[in-house]
Every structure is written in structure tokens, then in C-alpha cells.
Amino acid sequence: MSPAHLAAAGEALASHPETSFAVATTGTTNLTAMVNCRDGRDLFRYLTDRVAGIRGVQTLESAPVIRTVKRAGTPLRRPAGRP
């Protein structure tokens, strides 16, 4: 990401309700975030629709956490009728 877009992209990412933590970093990435999604499909939609739409985002990497033992915050509930 170009440094010219870093602040605006970070603010946009941090404003998403899915984002529980966002930070600017040094090295090969400019931004790192932790997000909470209901399932794999929800994560895919979030990455391809919301994150990819942020101006300045050129690439992204994800590393899903399948099981969390302890977590701060409110867990997301599955919609009725979904397994």
C-alpha cells in the first residue's frame, strides 16, 4: 500500500464493525487487523467486498483462527436456520 493511502485505509478498516483490532505496522505489511466473522463464507465476503474495496489496498493475507480458547468481546451468533 502506498504511504499516501495508509492513514485513510487504516481508518476505514478500523471503522468496520467486524474489526476488533487494527494497527499500522512496519515491514512487508502496512496494516494488520483482527476481525470477527461468523464463518468462512462471511470471512470471504468481508475480504472480497469490504476490505478489497478500501482505496489503496493492493494485496491481503488472511490466517483464520478456527478455535479460540479465550477472547474478549461478544461472540457473534449464527443466523437462525444456519448450521
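1. Two strands count as paired if DSSP finds at least two bridges between them, and helices (H or I, at least four residues) and strands (E, at least two) are DSSP runs numbered from the N terminus. The note concerns a predicted model, in which local features need pLDDT of at least 70 and side-chain atom pairs count only at pLDDT 80 or more, while totals for chains, interfaces and linings use all residues. Residues are numbered from 1 along each chain as its sequence is written, and side-chain values use heavy atoms, with hydrogens and water left out.

2. Strands β1 and β2 form a hairpin with six residues between them, and in the turn glycine 27 has a positive phi of about 100°. The pairing of β1 with β2 is antiparallel and runs over five bridges; within it, valine 23 stands opposite threonine 32 of β2.

3. Helix α1 has 13 residues, which at 1.5 Å a residue should span 18 Å, and the 19 Å between its end C-alpha atoms agrees with this; the expected span is 1.5 Å times one less than the number of residues. Ala9, Gly10 and Leu13 of α1 are buried, where buried means under 20% relative accessible area, exposed over 50%, and partly exposed in between (1.4 Å probe, protein chains only). The buried residues of α1 pack against β1, β2 and α2.

4. The largest nonpolar core consists of seven residues, namely Ala9, Leu13, Leu43, Tyr46, Leu47, Val51 and Ile54; such a core is a set of buried Ala, Val, Leu, Ile, Met, Phe, Trp, Tyr and Cys residues joined through side-chain atoms within 4.5 Å. Two or more residues of this core come from each of α1 and α2, and α2 supplies the largest share, with four.

5. Histidine 16, in the loop between α1 and β1, is buried at a relative accessible area of 9%. Leaving aside neighbours within four places in sequence, histidine 16 is in contact (heavy atoms within 4.5 Å) with Tyr46, Arg50 and Ile54. Isoleucine 54, with residues up to four places away in sequence not counted, touches Ala9, Ala12, Leu13 and His16.

6. One salt bridge is counted, under the rule that a side-chain nitrogen of Lys or Arg lies within 4 Å of a carboxyl oxygen of Asp or Glu. The side chains of glutamate 18 and arginine 50 form this bridge, at 2.9 Å from N to O. Because glutamate 18 lies in the loop between α1 and β1 and arginine 50 in helix α2, the pair ties together parts that are 32 residues apart in sequence. Arginine 50 is partly exposed, at 33% relative accessibility.
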